[in-house]
Amino acid sequence: MNTQVLPVNDQSIALAAELLQKGELVALPTETVYGIAADARNGEAVKKIFEAKGRPQDNPLIVHIYGMEMLKGIVSEVPARAYKLAEAFWPGPLTMVMPRGAEVSDVTCAGLDTVGVRMPSHPVVQAVIKASGVAFAAPSANLSGKPSPTNAQDTLVDMDGRLPLILDGGESTVGVESTVVAVTGEHPMLLRPGYVTKEQMEAVLGEEVLVSPAILEKLKDGEVARSPGMKYKHYAPKAQVTILRGDFAKYKAYVAQHTAPGVWALCFDGEGAQLPVPFVEYGKNHDGVTQAHHLFTALRDLDKHGAETVYARCPEQDGVSMAVYNRLIRAAAFRVIEL
């Protein structure tokens, strides 16, 4: 299959809409990362996403809509909490898990009785949904397990020959996938951290948002993934990544004792020049927003440099930093050393 990469204009948006209506795949930018879209109601189309990514089919996908009226048939009920959060954060990088509607494909939901839905703010996604009339399922546009792409070039590296069209809308602004929160049940529960934080949602809802243990720990054997991004190893470069938890002085001392060919550092801005090994920097210390924006590009850069062993600076675990830590600990397959 020949994969076209086209700039965003009226013609390429019309082509994307036509492909989606025909049950084909389109990769396109969102404010979070680039995604692979297929009609969420068309199970055969959605199966092509799993094939293109090499993704296990027990991993549910998120449905993308434009306008609250598109929830009809996608969800069977819109809880009161969902209306509050939608008013505050939609369109934007927030996915809400709600009771599944009759029209959404079983393949999209991985057989669950719930479905994750979000209303993206990126103008390209909005234009494609409006032009096609299609509510589409869309995971990140990477090969399963690799870092998510935040631009069209990295999307092409993974998806060349696997789908017909990539829309090039420039760099994604957020850099990590959407926050996922379940709004059913007695308490809302954070299933995947992102740019919309636990603290922000609690301020809107006026109640505590519980945090799923699977955000910072491995899923237990046999435990079902209720959200994308809950699997054991995810977002990973080819190198073996280990997170070093401690201040920069301890980090620098540890790295100095473990220099060898193929060893790289993944550190914060301005730190690399002080280290005895080659490095990639991924945002400012104590700044989850810049770390989120740069993390996946940094992990891909390590692959481009041929890194074999990577020692990563540990981000904090609150606010947007929780999202960065969640992605990084999976890239490291939960290898963490306390310094």
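Q: Which residues of α1 meet which residues of α4?
A: In this predicted model, contact means heavy atoms within 4.5 Å. On the α1 side, I13, A16, A17, L20 and Q21 take part, and they meet A127, V128, A131 and S132 of α4.

Q: At what angle do helix α1 and helix α4 pack?
A: Angles under 35 degrees count as roughly parallel, and 65 to 115 as roughly perpendicular. Here α1 (residues 10-21) and α4 (residues 123-132) pack at about 55°, and their axes are 8 Å apart. That angle makes α1 oblique to α4. The crossing of α1 past α4 is right-handed.

Q: How many aromatic pairs does a search of the whole structure find?
A: Rings pair if their centres lie within 6.5 Å. The search finds 4 aromatic pairs. One of them joins F268 and Y282: the ring centres are 5.1 Å apart and the planes lie at 40°, so this pair is tilted.

Q: Which parts does the pair of F268 and Y282 tie together?
A: F268 belongs to the loop between β13 (263-267) and β14 (279-281), while Y282 belongs to the loop between β14 and α8 (288-304), so the pair ties together parts that are 14 residues apart in sequence.

Q: Is Y282 buried or exposed?
A: Buried means under 20% relative accessible area. Y282 has 0% relative accessibility and therefore counts as buried. F268 is buried as well.

Q: Where does the charged end of R313 sit?
A: A charge is judged by its position relative to a ring centre and the ring normal. The charged end of R313 sits over the ring of Y251, 5.6 Å from the centre of that ring.

Key. Residues are numbered from 1 along each chain as its sequence is written. This is a predicted model: local features need pLDDT of at least 70, side-chain atom pairs count only at pLDDT 80 or more; totals for chains, interfaces and linings use all residues. Side-chain values use heavy atoms; hydrogens and water are left out. Rings of Phe, Tyr and Trp (its six-membered ring) pair if their centres lie within 6.5 Å; planes under 30 degrees apart count as stacked, over 60 as edge-to-face and the rest as tilted. Helices (H or I, at least four residues) and strands (E, at least two) are DSSP runs, numbered from the N terminus. Buried means under 20% relative accessible area, exposed over 50%, partly exposed in between (1.4 Å probe, protein chains only). A charge sits over a ring if NZ of Lys or CZ of Arg is within 6 Å of the ring centre and within 35 degrees of the ring normal. Axes are lines fitted to C-alpha atoms, for helices over the stretch in contact, and angles run from 0 to 180 degrees between N-to-C directions. Angles under 35 degrees count as roughly parallel, over 145 as roughly antiparallel, 65 to 115 as roughly perpendicular and the rest as oblique. A crossing is left-handed if the near helix is turned anticlockwise from the far one by less than a right angle, and right-handed if clockwise.
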